2 protein chains.
Amino acid sequence: MTKVFTLSIDMLGSETKVNDVLKGINQSLLRNINYKFQLYGPANLIKKKMEKYKRLIQVSEIIDCESFVSMDDKPSDIIRSKENTSMYRAIKSVKDNHSNAILSFGNTGALMSLSTLQIKTLENIRRPAIASIWPNMKGESVVLDLGANTKLDSRYLIDNSILGASLASILFKINCPSIGLLNVGVEDNKGREEIKLASDKLKEFSRNIDINYQGYVEGNDISGGKTNVVVTDGFTGNISLKTAEGTAKLFQNHLNDAFRSSILSKIGYFFASLAMKSVRDRLDPRVHNCGILMGLNSLVVKCHGHSEYRGVSYAADIIYSLLENNVNNRIQHYVHEMQSKLKKGF
Amino acid sequence: MTKVFTLSIDMLGSETKVNDVLKGINQSLLRNINYKFQLYGPANLIKKKMEKYKRLIQVSEIIDCESFVSMDDKPSDIIRSKENTSMYRAIKSVKDNHSNAILSFGNTGALMSLSTLQIKTLENIRRPAIASIWPNMKGESVVLDLGANTKLDSRYLIDNSILGASLASILFKINCPSIGLLNVGVEDNKGREEIKLASDKLKEFSRNIDINYQGYVEGNDISGGKTNVVVTDGFTGNISLKTAEGTAKLFQNHLNDAFRSSILSKIGYFFASLAMKSVRDRLDPRVHNCGILMGLNSLVVKCHGHSEYRGVSYAADIIYSLLENNVNNRIQHYVHEMQSKLKKGF
C-alpha cells in the first residue's frame, strides 16, 4: 500500500502566485496519487482558483491566513511576533504531526529559524543545511550548504556530507553516492584548516563505514558532475550558487541579444527555438532552484520566491519522494552507523 | 612621446603554443607600437615560428630556456631549485629593471611565490591579489582576489579594494569606480565578522577620501554588473570564478547538444552561427581569463594554461594599458591618500 503524505504549503509572503502553486501541486498529485495538502493562505482566493482542479479539492484543506512573514522581516523579529503568519502555522502543523512536510516560497532566514526552533534538528545533527539539486554535465548533483550556516566548521562539513549523501542516495537511487569537499584545489595541502580537518576525518570514515568520500573538488567540478554530492559551508555555497545563477542569466541574455542581432540570426532562432527551450528548461533556476532544509525532524523545503508551476510541481515531487523513502530515518541510520563503528564521535 | 615598455614572457610550462603567443603579441604590437618583448623559451623553435612576423622580430629578444616550472611543482620546491627556469628568469629580468612586466601561462602558485619573493609587494600592501576582468550585463568588472590568499582577513579585503579600484579606474577609464564586498546578503548583519569589519572601515574611508564603496554585493551581482569592482578573499573568489566557468561550459555544452538534436535545430544553427560565435567570444574564458597579480612592485600577469592567440593579445593589451597608466603609482597614491587623511592606519 502506498503511503499517504500531507504537505503544508505556506502560500503567502512571496511573488509566487496562487495559480502557480495550485497548478504545480495538481500536476504532482497526478504522479503521487496519495498526496494530501494543507494550504495556508487567503481562503477565498484559493477556493476560487482551485475550482477547476476537482481531485485537488478533495485532498486539500484550506487554512485561511492573512498575516505573513515578509521578505524584509529579520529572523529575530519573526520569532517574537509572527505566530499568526501562514509560515508559522504551516510549520506548527508539521510539529503537531498534522502534516509531514512544509513547502514555502518566502523568507529563507525566517523559515530556517522558525523551523529549527519548532521542529528541532535530528539527533546528533547540530545545524540544518540547505541543499539544492544542481544540473551538471552528467545529470544532477546535490550541493550543500547553500546558506543555512555561514560559519566554516569541520563538524558542520562532516554533518553536511552525511545529509547530502542521504539525499543523493534517495534522489538518484544509488547506494553510496560519491562526496566531494569544495576547495580551491584538489591537492591535500590546499585550502583552509577546517576543510583539511574535515577531509582527514571523512577519509577515516570512508575506510570504516559505507561512505564514498572522493576528496576535494573545485568550483568547476560542480557543473562538471565530478561527484554526486558537493559539500561546503553556507557562505561559500551561497555565493557559489548565486554566481552560477548570475552566469546562466548573463549567458541567456547574451544569447537573446545575439538572436535578435540580425535577420539571419532571427531565422536561426525560428528553427532552433524548440532546442533553445529545452536548454532553458534544463537549466532554468525557476525550475531547479528549490532549497531543501535538511537535518530537521521534518522535511522543510524552500522554493524560489518567483516560482512558477513547473518549479512547484518539481519541488512537490521531490518532497514526496523523500518522504516515501524516509529520508530522516536514513540520515539517522548514517549517523548511528558512524558512531557505533568509530570510537571517536564527530 | 609614447613610452616604450618591455614585456618578459615565460613561454614554457603550459599547454599554450609558441605559435599562439607570437600571433597574440604580434596583434597587440600593431596596437601598441612601442612594445618590446623578451621571450624566455626554446630559441630555435621561437625563431622559426617568428619568421613571418617581421616587425615582431625587430622588437623581440629571445632568451633560450629549456628548464621550466611544471604545473605539478609545489611553490616550496620551486623556490629552492628552479633558478634556471623560464619563469624565474623572466621574473628576474623585471626585478633587474631589464623589463617592465611579466606574462606567464604556467603554474599560478609558483608564479606568485617567485614574484613575491623577488619583486616584493608595494609599500603598505601586505599581500598580492589575483584580479580578473569579468564580463557582466553592463560591460566588465574587476573581481579580486581569485586565489592568491585564501585567508579571510579584513585588512586584505581593504587592500584588495584599493588594488581593484586602481585597476578598474585605469581599465574602464572612470575616476572613482564603485566597489562592492562579496557577501551572502546585502543587509548589514549578513556574513562573517571579518567582512563586517572591512565593510565598516571602507564606509569610514569613503566618507573621508576618494573611494566609492557601495556596500555588500551577492554572487549574482558579479555577472549583473552592480559595481565596477567586486572584492572578496582568495578562497571565495577562486570558487566563485571556477563555478562561473563551469556554469558557462555547462550552458555551452547543452546548447551544442540542443543544436545537434534535430534537423530543424541544425538549420537554426546554420543561420545563427555568427550570432552564436559572438556570444562565445564575449564569454570565452580562453579570452577573458587572465589573472593580474596586483600589489607587487612590477606587474605580473598569468594567462590561462591553454591560451590561444586572442587571449594572449587581450592580456598583452591590458598589460600595456596598465603600464602606460602607471598602475603601481596610482595604487601607492591611493594608499598614501588614505594614510594621510585618516588618523588610524589600516
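Chain B can be superposed on chain A with an RMSD of 0.0 Å by a turn of 180° and a shift of 0.0 Å along the axis. This is the relation of a two-fold axis. In chain B, the C-alpha atom nearest that axis belongs to B:G268, at 1.9 Å from it. The same surface serves both copies, since 100% of the contact residues of chain B recur in chain A. The model under discussion is a predicted one.

The interface between the chains is formed by 51 residues of chain B in contact with 51 residues of chain A. On the chain B side, the elements that give two or more residues are helix 9 (219-224), helix 10 (234-259) and helix 11 (263-283). Of the elements of chain B, helix 10 gives the most to this side, with 21 residues. The make-up of the side of chain B that touches chain A is listed by class below.

| Class of residue | Number on the side of chain B that touches chain A |
|---|---|
| Nonpolar | 24 residues |
| Polar | 21 residues |

Helix 6 of chain B may be examined separately. It comprises the twelve residues 108-119, which at 1.5 Å a residue should span 16 Å; the end C-alpha atoms of helix 6 are 16 Å apart, so expectation and model agree. The expected span is 1.5 Å times one less than the number of residues. Buried residues in helix 6 of chain B are B:T108, B:G109, B:A110, B:L111, B:M112, B:L114, B:S115 and B:I119. Helix 6 of chain B is followed by B:K120, which has a positive phi, near 70°.

Note on methods:
Residues are numbered from 1 along each chain as its sequence is written. Chains are lettered from A and ligands numbered from 1 in the order in which they are written. This is a predicted model: local features need pLDDT of at least 70, side-chain atom pairs count only at pLDDT 80 or more; totals for chains, interfaces and linings use all residues. Two residues are in contact if their C-beta atoms, placed from the backbone, lie within 7 Å. Helices (H or I, at least four residues) and strands (E, at least two) are DSSP runs, numbered from the N terminus. Ala, Val, Leu, Ile, Met, Phe, Trp, Tyr, Cys and Pro count as nonpolar, Asp, Glu, Lys and Arg as charged, and the others, Gly among them, as polar. A residue is buried if 20 or more other C-beta atoms lie within 10 Å of its own, exposed if 12 or fewer, and partly exposed in between; C-beta atoms are placed from the backbone. Copies are superposed by least squares on the C-alpha atoms of residues with pLDDT of at least 70 in both.
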